[in-house]
Amino acid sequence: MSGLESLSQPLSEPLTLRCGAVIKNRLGKSAMSEALGTLDNRPTELLVNLYDAWARGGTGLVITGNIMVDRLALGEPGNVAIEDARDLPLLSRWAQAGSQDATQLWVQLNHPGKQSPNMVTKQPVAPSAIPLAARFERYFNPPRELSPGEIEAIIERFATAAAVVKQAGFSGVQIHGAHGYLVSQFLSPHHNQRRDQWGGSLENRARFVMEIYRAIRQQVGNDYPVSIKLNSADFQRGGFTEDESMAVVEMLDGAGMDLIEISGGTYEVPEMTGKNVKASTQAREAYFMEYAEKIRARVSTALMVTGGFRSAQGMADAIASGATDMVGLARPLAVEPDFSARLLSGATRSIDIKPRITGIKPIDDMAMMETVWYARQLERIAQGKPTKPNESPVLVFLRQLLRSGVKGFRTQRMRAN
Ligand SMILES: Cc1cc2nc3c(=O)[nH]c(=O)nc-3n(C[C@H](O)[C@H](O)[C@H](O)COP(=O)(O)O)c2cc1C
């Protein structure tokens, strides 16, 4: 076997999930919020174009950016929300474009809880009325505590959205259980200080996600892929720990989850972007491989590790080690939508992903720049333009600030009307 074949061979192997679905290779596109929806949070042709490009780019599993289950609870202006079947025609076109070439196309469903900026939500909700850290108070209003009835209603929203996703022809669904959004808030003993059946013990804090999983499964049946993205830890004092995360993975595995994607961090501690990773971790590329090695021994569900993968060698080593079944890629596929095809054919061996910083400390400290810069590249792909790997972060930031300011303002005005 040539060096090139031995590198791409483990990555080209198909993977059969518990539900019977087959992913054609071991490369997964992790969710990246596109913010390409309309002002009233409906899908657009831009999303059809973007996913057409990704489906033709050779990635076996493509997961959409987070889609909201409630249009009054957004992560950012321009999110798509699915509350009912009103957008089925365009969702179906999106599903069709993105599942060409036997690509598995899954929708990530999310509720942001308190991580909903004040430009779109005046009164966010959360398990408990605990605000984000003080440095966020300019952008995020303090949340109010959800009532038990509201918790049940949000679980139902996840299930309804999953049913619409399946009806539209997407090949699977993923619960966003990571990065400090509502599911992640319920799991965290810092953010969830409830005294009812939804808080306290780990079993109680995990009830919300387990109920969402069950409600979705009931809607989509046993032969449809259901996945979750989960934090290996929140990396926050008093937060969701690695031990707790592993216990929750065991619960989800036992309940029948088809694939668990491992990430980590929150807005408050953004470990998912690799901002604070140790040099030894960076040398292994992937940020959460040590966790995967430990959990692999404890569960039989398929695993995908996301964060930091940049080279064919690093990815092949990760799969060959057996610690993960899939490697998740986000930023590389925003710069090169066909990176997977080029990697598998040997046309390229790696990609250089440098930090996108403006040099303006308060902006860079918020770790928001990364998201804004890459989202701009997604918009370019959607418009049929080439990406601009050297586009100036300062200019992108200013442009986006103006646009989301206007979009956020208009979103609120439309609601007021
Ligand atoms: C523009 C952008 C948007 C993102 N949006 C989401 C999202 O909607 N849901 C999610 O789970 N992760 C989101 N992420 C995190 C990525 O899925 C991924 O976990 C992270 O970027 C690390 O992977 P990478 O090193 O390959 O980029 C986003 C990342 C970027 C850059």
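Predicted model: local features only at pLDDT ≥ 70, side-chain atom pairs only at ≥ 80, totals over all residues.
Local features were taken at pLDDT of at least 70 and side-chain atom pairs at pLDDT 80 or more, while totals for chains, interfaces and linings use all residues. Residues are numbered from 1 along each chain as its sequence is written, and side-chain values use heavy atoms, with hydrogens and water left out.

A search of the whole structure returned 25 salt bridges. A salt bridge is a side-chain nitrogen of Lys or Arg within 4 Å of a carboxyl oxygen of Asp or Glu. Lys229 lies in strand S10 (residues 226-231) and Glu261 in strand S11 (residues 259-263), so the pair ties together parts that are 32 residues apart in sequence. Helices (H or I, at least four residues) and strands (E, at least two) are DSSP runs, numbered from the N terminus. Both Lys229 and Glu261 are buried. Buried means under 20% relative accessible area, exposed over 50%, and partly exposed in between (1.4 Å probe, protein chains only).

Within it, Arg86 pairs with Glu83, the closest N and O atoms being 3.6 Å apart. Arg86 is partly exposed at 42% relative accessibility. Glu83 is also partly exposed, at 21%. Arg71 is buried, with a relative accessible area of 13%. Arg71 sits in the loop between strand S5 (67-68) and helix H3 (88-98). Its side chain makes a polar contact with the side chain of Glu83 at 2.7 Å. A polar contact is a pair of N or O atoms within 3.5 Å; within protein, one must be able to donate a hydrogen and the other to accept it, and residues adjacent in sequence count only if both atoms are side-chain atoms. A polar atom of the Arg71 side chain also lies 3.4 Å from the backbone oxygen of Asn41.

Arg296 is found in helix H10 (residues 289-296). Arg296 counts as buried at 19% relative accessibility. Its side chain reaches the backbone oxygen of Val299 at 2.8 Å. The backbone oxygen of Thr301 is likewise reached at 2.8 Å by the Arg296 side chain. Beyond four places in sequence, Arg296 is in contact (heavy atoms within 4.5 Å) with Thr301, Leu303, Gly322, Ala323 and Asp325. Arg296 and Thr324 are 28 residues apart in sequence, yet their C-alpha atoms are 7.3 Å apart.
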